[in-house]
Each structure stands twice: as structure tokens, then as C-alpha cells.
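Me: I'd like to learn how to read side-chain packing and aromatic pairs. Could you walk me through an example?

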Amino acid sequence: MGNADTKLHFRKAVIQLTTKTQPVEATDDVFWDQFWSDSSTTVQDVFALVPAAEIRAVREESPSNLATLCYKAVERLVQAADSGCSSEKQRQIVLNCTRLLTRILPYIFEDADWRGFFWSTVPGAGRSGGLDKDADDDDEARPLAESLLLAIADLLFCPHFTAQSHKKNGPDTTEDMRSIDSCEYIWEAGVGFAQSPPLNYIHDLNRTELLKLLLTCFSEAMYLPPSSERNLNPWVSFFCSTENRHALPLFTSLLNVVCAYDPVGYGIPYNHLLFSDYREQLVEQAVQILIVTLEHEAGSAASAALQALDASASTSAEEEQEPSGPDNLFVNYLSRIHREEDLGFILKGLSRLLNNPLVQTYLPRSTKKIQFHQELLILFWKFCDFNKKFLFFVLKSSDVLDMLVPILFNLNDARADQSRVGLMHIGVFILLLLSGERNFGVRLNKPYTLRVPMDIPVFTGTHADLLVVIFHKIITNGHQRLQPLFDCLLTIIVNISPYLKSLSMVAANKLLHLLEAFSTPWFLFSFHQNHHLVFFLLEVFNNIIQYQFDGNSNLVYAIIRKRNVFHQLANLPSDKASIQKALQKKKKSGISRTNSTEAEFMEGTRPAVPAEPGTLKASLEATPGIDKITEKTQVGEDGTLIAVPHSDSTQTTADNSAVAGASDTESNSERDHEADHTESEAARCADPEWVLSWKVKLPLQTIMRLLQVLVPQVEKICIDKGLTDESEILKFLQHGTLVGLLPVPHPILIRKYQANAGTTMWFRTYMWGVIYLRNVDPPIWYDTDIRLFEIQRI
């Protein structure tokens with residue numbers, strides 16, 4: 001009954017605020033206290049009792065009242081942070097103010113005229129002591145946003161409220177917040193902290209609510225269009241600056257809470273059905289805060305972080321104290337993690353959580369199934385991109401395979417779901433980044449013995465085979481909007497190909513199947529970039545033949561069996577009549593670049609599987625073409641990498657022609673004019689000169705030489721011994737050699753991922769789209785005027 005009365009009083013206060021036409025004085029504490037005193041409204045209650053229409057009405061008709069409400073709520077948080085939240089009543093006020101601000105802030109951000117409000121100074125707000133009414137130096141006034149962010153940071157390390165108290169005197173003893181060393185109050189053991197405080201679900205809930213408000217503060221980025229030139233998020237910049245004395249313990253707390261979390265609990269099956277897990281909510285908010293704060297502002301964060309590392313490696317301990325690296329302290333701290341035990345803790349934590357959905361398949365619903373795998377992938381990406389030592393650590397052992405398998409599982413699982421295109425991209429981008437390192441290809445030779453249920457052909461082989469089989473499935477049986485990823489998928493296979501010791505027969509056949517599909521004349525002539533896919537596949541075969549011939553009899557046998565495909569490529573017609581004839585065949589079949597693999601010999605791309613009715617999807621920015629997101633490097637004889645300039649006219653294979661434009665994967669415009677575009681494209685491609693320009697560069701010499709030497713030998717042995725058994729032919733090929741018979745080995749070309757403005761924008765829209773869709777209870781940004789991306793109801 002009492003709770004109902006509380007809600008009624010709160011609702012009355014909201015109505016009063018919306019109906020008052022005259023400004024209410026900031027000194028009228030009796031009126032303002034109605035919003036946060038003696039109230040036990042949950043965050044869900046606040047969202048229900050403060051409707052969007054009424055917030056907008058106050059914003060338009062009584063702006064001074066909305067301004068005062070925000071100011072007073074922040075003031076109460078600052079007072080509580082200063083005093084240390086000593087009483088239960090004060091803690092309740094903090095939670096109520098937190099919930100109210102979480103509700104109101106998106107409506108401040110959606111209005112361009114209001115966006116600067118929190119960055120304006122409030123008269124009498126001193127820089128030293130927050131909102132200090134006695135401060136008389138207005139030049140030193142602190143903007144409201146800074147006061148709010150510093151109060152949240154203080155409150156996240158408040159004994160008895162969000163942290164375990166170190167004092168024995170009981171819960172009512174106030175600890176001086178200014179003298180507290182928050183490094184002693186880090187929430188969980190892990191990086192840089194050894195003690196694991198006892199679990200306290202009240203603390204976890206309070207931390208979660210404060211982090212929700214912090215994430216809402218950072219979400220101003222959602223209300224600026226993608227083309228906005230302002231890259232800096234002022235909320236993130238200030239919070240991650242030296243102004244925040246809790247930056248280090250907070251970064252450590254967030255990271256450790258995420259990486260130490262174990263959804264299985266104490267290993268008791270079905271334990272999550274018996275106990276509530278408040279830690280999961282905290283972990284979700286923590287990983288979202290981490291990925292938002294780790295968005296580096298200017299240039300490549302990786303290069304800045306590497307400069308910081310290189311500088312620290314070459315200086316003495318005293319010089320190391322000099323500020324270097326990114327201004328964003330969270331990025332700086334991340335880039336400097338270097339102890340093996342810390343790197344191992346992070347990697348094990350991320351792989352444990354990403355493998356959680358795979359565990360489900362063995363004992364259905366026995367453990368809690370986490371839903372924040374996309375945020376974890378973004379976090380893993382940022383670690384690999386910003387911390388070179390972490391990337392090398394990941395690739396140093398076969399632990400990298402504990403990350404690879406769940407990524408491949410997710411790619412396979414999401415390939416036909418139109419609402420998960422973003423997940424497909426982040427998975428492929430991570431593998432592209434890893435594939436730029438030699439060690440990744442080497443690690444893939446480890447046998448794949450796990451049997452995670454996936455709808456792929458059964459095979460006995462390595463993790464490389466698993467990767468090839470799943471990539472083939474994505475290309476031939478994924479939905480149509482994944483087409484722009486084909487270049488990326490094949491680039492990954494090219495990067496790992498020089499190190500693959502033994503492909504299985506299943507994987508070898510899949511690669512030949514792709515070449516067969518991509519080398520048909522109607523496909524090659526129908527779009528100006530389609531021939532790049534053939535170049536990539538030929539480069540894969542060349543790398544394996546030149547560098548790993550001995551163990552790859554399965555692939556050699558598959559090439560011999562499908563030799564006709566290579567001969568047809570070598571004799572591809574380039575006269576106008578033949579080109580027109582091929583394109584007519586394409587036109588009759590109604591196949592375009594968008595569903596081009598739907599030929600009679602392919603499993604066929606399929607339309608996206610309909611999502612559940614009402615599913616929301618956030619649109620994504622276009623991803624740049626493969627040449628824009630990779631940098632070509634040549635592997636020298638001593639194993640060192642040499643950058644290959646883009647203008648180098650002597651390059652062979654795909655690099656001569658692989659100049660892809662921006663993909664149209666999920667851009668906001670959605671490219672509705674697909675049909676017209678395809679028609680004009682076909683007309684442009686029906687040009688003999690254009691066909692000849694890349695046909696003469698097809699790298700077929702090595703394969704043709706192999707066929708020239710081995711086909712007569714295989715045919716002879718089959719006739720002489722009457723062989724029809726595949727295994728006997730394979731045995732013969734295993735002992736064959738092409739030493740001295742092949743052209744001089746070409747240098748290995750690796751295409752390493754490189755960040756650019758296009759990928760930075762893509763990551764920003766993807767990250768915020770995930771956060772928008774994942775925060776549904778309460779729906780913080782629902783029905784507000786988001787401009788960074790579009791929300792589509794499927």
C-alpha cells in the first residue's frame with residue numbers, strides 16, 4: 001500500500017512540474033524534494049511515471065523548470081558523493097536522482113538547443129568542491145556535466161553503498177570520501193588487484209544503476225549524425241581524463257568484473273534457475289561502459305598506443321612517468337597492460353564468456369546463457385587493436401583457438417539472419433586483424449577435435465579446415481546482404497594460406513567449389529569487382545603449392561580433378577559477342593551481384609530468414625572496400641614484413657586489380673536502386689578491353705605447370721595399375737615432388753588490417769546500435785530522435 005502511495009506522490013509531482021507555467025525557484029526544496037525523497041520507485045517505475053511526451057512538453061514550455069530539475073538532481077548527487085552516503089535515506093535519494101536523470105538525459109540530447117546545457121556553468125558552482133554555493137569565483141565554475149560525472153565516479157567507490165567498507169565500526173560510520181584511496185576499493189580481483197571482495201548483491205545493483213546513468217551520459221553520440229565532424233565525445237573525454245581521480249581503479253574494476261565473471265557459478269548445473277545472478281547485470285553494463293570509453297578520438301588508437309609502448313620500452317623508469325600515448329586514460333591503461341598473468345586473465349575471461357553459448361549445446365539450458373557476446377567481441381577487438389603485447393600473447397599459443405571457435409560458431413549461426421549483419425562484420429573484422437599475423441596461420445594447423453554442433457559437413461582435420469568450411473557456408477548459403485564481405489573472407493584465407501600444412505579433402509573441395517562458382521563467365525562479366533574473388537582464390541592455391549606442397553595432397557588432387565576450371569579461366573573469351581552472350585544468360589536467370597552465387601552448382605544464397613515479428617535492427621554505416629581497410633606487406637626471407645606501396649605496378653595476383661569501392665552492406669541509404677545499378681554495371685563490364693586488362697594478370701602459371709607435370713603422371717599410374725581408388729592416387733601424390741619444376745616462388749603478400757575513418761565510423765554506429773538494442777529494461781533511448789543510425793522494425 002505504502003509503495004502505491006509513493007508512486008502516487010511521485011506522479012503528482014511530475015504532473016505539477018508539467019502544468020506549472022511559472023518557473024519554480026531552485027530554492028523551493030519542498031517542491032523539488034518530491035522527486036527523490038522518501039520514494040521507493042524502481043527505475044522501471046520512473047520510466048512509466050515520467051512519460052516521454054511530458055518531458056518534451058516541459059522542455060518546450062517550461063525550459064527553466066527542466067533546467068532546475070536537472071541542476072537540483074545533480075546537486076543532490078554531488079552532496080551525497082561529498083558526504084559519503086552515510087544514511088539509508090541518502091542512498092535512496094542517490095538512486096532516485098540517478099533513475100530520474102537516466103530518464104531525462106536522452107530528451108536533453110535529442111534537442112540541439114539543449115545539448116550544450118550540461119556544459120554550461122551554473123552560478124556558484126566551484127571547481128574545487130562541486131556545486132559549492134559559497135564559491136564566488138565564477139571563472140572557476142564547473143560545468144554541470146563535469147560535476148555529474150565526478151559525482152558518479154565518487155559514488156562508484158562509496159563504502160556501504162557500492163564498495164565493501166574497510167572499517168569495522170558498522171554501516172553508519174561515515175568514511176571521509178576525499179581521503180579514500182579508491183584503488184583499495186577495486187570491485188574484483190584480476191589485473192593489478194589481488195583481493196576479491198565478498199559478493200554483495202546490493203552493491204552490484206547500486207553500481208549497475210550508476211553505470212546505467214553513466215552510459216546515458218555518454219550516449220550523446222547517438223544524437224549526432226554519422227557525418228558529424230565532431231569526433232570527440234565530451235562526456236567520455238572528461239570522464240577518462242586526469243580530472244577523474246578514480247579513472248584507474250574504475251577501469252580496473254570494470255575490466256576485472258567482466259573478465260572474472262563465470263556464468264556457470266559454482267559449477268552446479270541449473271544453478272541459475274535457483275538463484276538470481278545480480279552480477280550478470282553489472283557485467284553487461286561494465287562491458288558496455290568499457291567499449292564506449294575505449295573509442296579513441298583522433299587518428300589510429302593502435303598507432304598512438306604502440307607509440308606509448310615503444311616509448312616506455314626505451315626509457316628509464318623515471319622517464320616513464322612522462323605523459324605519453326593517448327589522452328584518454330582508459331585507452332592509455334589498456335595499451336600498457338603487459339604482465340603475462342594479466343594478459344592471460346583477460347584472454348581466459350573473454351574466451352570463457354564467448355564459449356558460454358557453445359557449452360549450452362551439451363547440457364541444454366544447464367547454465368545461464370549470456371546475451372552480451374557482441375559487446376565482448378568489440379572489447380576483444382579493441383584489446384587486439386590497441387595493445388600489441390596482448391595481440392602477440394593471444395597468438396603465442398593455441399589459446400587463440402578458444403577465441404576462434406566461438407567466433408566461427410557465431411558467424412555460422414548468424415549467416416542467414418538479416419538482423420545480425422553487424423555481428424557477421426565484427427567477427428570477420430577480428431579474423432582479418434588476426435590473419436595479418438603469421439602465428440595465426442601457424443596455430444590453425446592444430447587438429448579440430450571439439451564437436452560443437454553446427455550444420456556443417458563432418459570432416460577430420462584442423463582448425464583451418466573448420467574456418468574454410470564455415471566461410472564456404474557463409475558465401476554459398478548466407479543471406480544476400482553479406483556479399484560485400486566476400487572480399488574480406490577470401491583475404492583471410494589468402495593471409496593464412498602460406499602456413500597451412502594439410503587441408504582436408506572436404507576443405508579442399510570447398511575452395512575449388514568457390515573457384516568454380518566465381519569463374520563462370522556470366523559472374524565475372526556482371527560486376528566490375530567480381531574477378532577479384534578469382535584472384536584471391538588463385539593466390540590461395542599458389543601459396544599452398546609454393547610453400548606447403550608436401551602436406552597438401554588433398555588440395556593437389558582436387559585441383560587435378562577440377563583442372564577444367566583452370567583451363568576455362570585461361571581461355572576465358574574476351575570478345576564482345578561472347579561477353580554479351582554470357583550476360584544474356586545471367587539476365588535470363590535473374591541473377592545479379594547481390595545473389596550472384598545462386599547458380600545450379602551452388603547451394604544457393606538464400607534470402608534472410610525472417611526475424612521474429614517486431615524485431616528491431618539498427619542500420620550500419622557502409623564498410624570501406626578491402627583495399628581501404630588493409631595494407632599490403634611482403635614477407636621477407638628473414639620473416640620480416642616490408643610494406644608494399646599501393647602504387648607498385650609490379651605486384652602480382654589480386655593486388656593488380658583488387659580496388660574495391662565501399663561496400664553497401666547496411667548503409668543508411670540501403671541502396672534501393674539495386675536493379676538500375678546492376679543494369680548500368682553490366683553495360684560497363686561488357687567491354688573487351690576491361691576483360692583483357694585483368695585476364696592477362698590471372699596468376700595461373702604455377703597451377704598450369706603443376707597440371708602439366710602431374711596430370712600425365714596420374715593418368716599413367718591409373719592406366720598402368722588400373723587404379724580407380726582415390727586413396728591410391730592420394731598416396732602417389734603424397735610422395736610426388738615439384739622441386740625445380742615450378743616457377744620461382746613469389747613473395748608472400750599479407751594484407752594487414754589498418755584503421756581508417758570509414759571503419760571508425762562503422763564501429764561507432766555498430767557499437768551504439770548494439771547498446772541501444774540491448775538496453776530494453778528500461779528502454780533508455782526508445783522512441784527518442786536517434787540520428788547516428790536508423791532503427792528498423794523487421
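Me: Leaving aside neighbours within four places in sequence, which residues is Trp768 in contact with?

Reply: This is a predicted model, where local features need pLDDT of at least 70 and side-chain atom pairs count only at pLDDT 80 or more, while totals for chains, interfaces and linings use all residues. Residues are numbered from 1 along each chain as its sequence is written, and side-chain values use heavy atoms, leaving out hydrogens and water. Contact means heavy atoms within 4.5 Å. Trp768 touches Leu215, Phe218, Ser219, Ala221, Met222, Val292, Leu788 and Phe789.

Me: Which members of the largest nonpolar core touch the most other members?

Reply: In soluble globular proteins, nonpolar side chains tend to be buried together. A nonpolar core is a set of buried Ala, Val, Leu, Ile, Met, Phe, Trp, Tyr and Cys residues joined through side-chain atoms within 4.5 Å; buried means under 20% relative accessible area (1.4 Å probe, protein chains only). Here the largest core has 246 residues, and Phe35, Phe118, Phe541 and Trp768 touch the most other members.

Me: How many aromatic pairs does a search of the whole structure find?

Reply: A pair of aromatic rings is described by the distance of the centres and the angle of the planes. Rings of Phe, Tyr and Trp (its six-membered ring) pair if their centres lie within 6.5 Å, with planes under 30 degrees apart stacked, over 60 edge-to-face and the rest tilted. The search finds 33 pairs. For Tyr448 and Phe459, the centres are 6.0 Å apart and the planes at 20 degrees, so this pair is stacked. Tyr448 is buried at 5%, and Phe459 is buried at 6%.

Note on methods: Buried means under 20% relative accessible area, exposed over 50%, partly exposed in between (1.4 Å probe, protein chains only).
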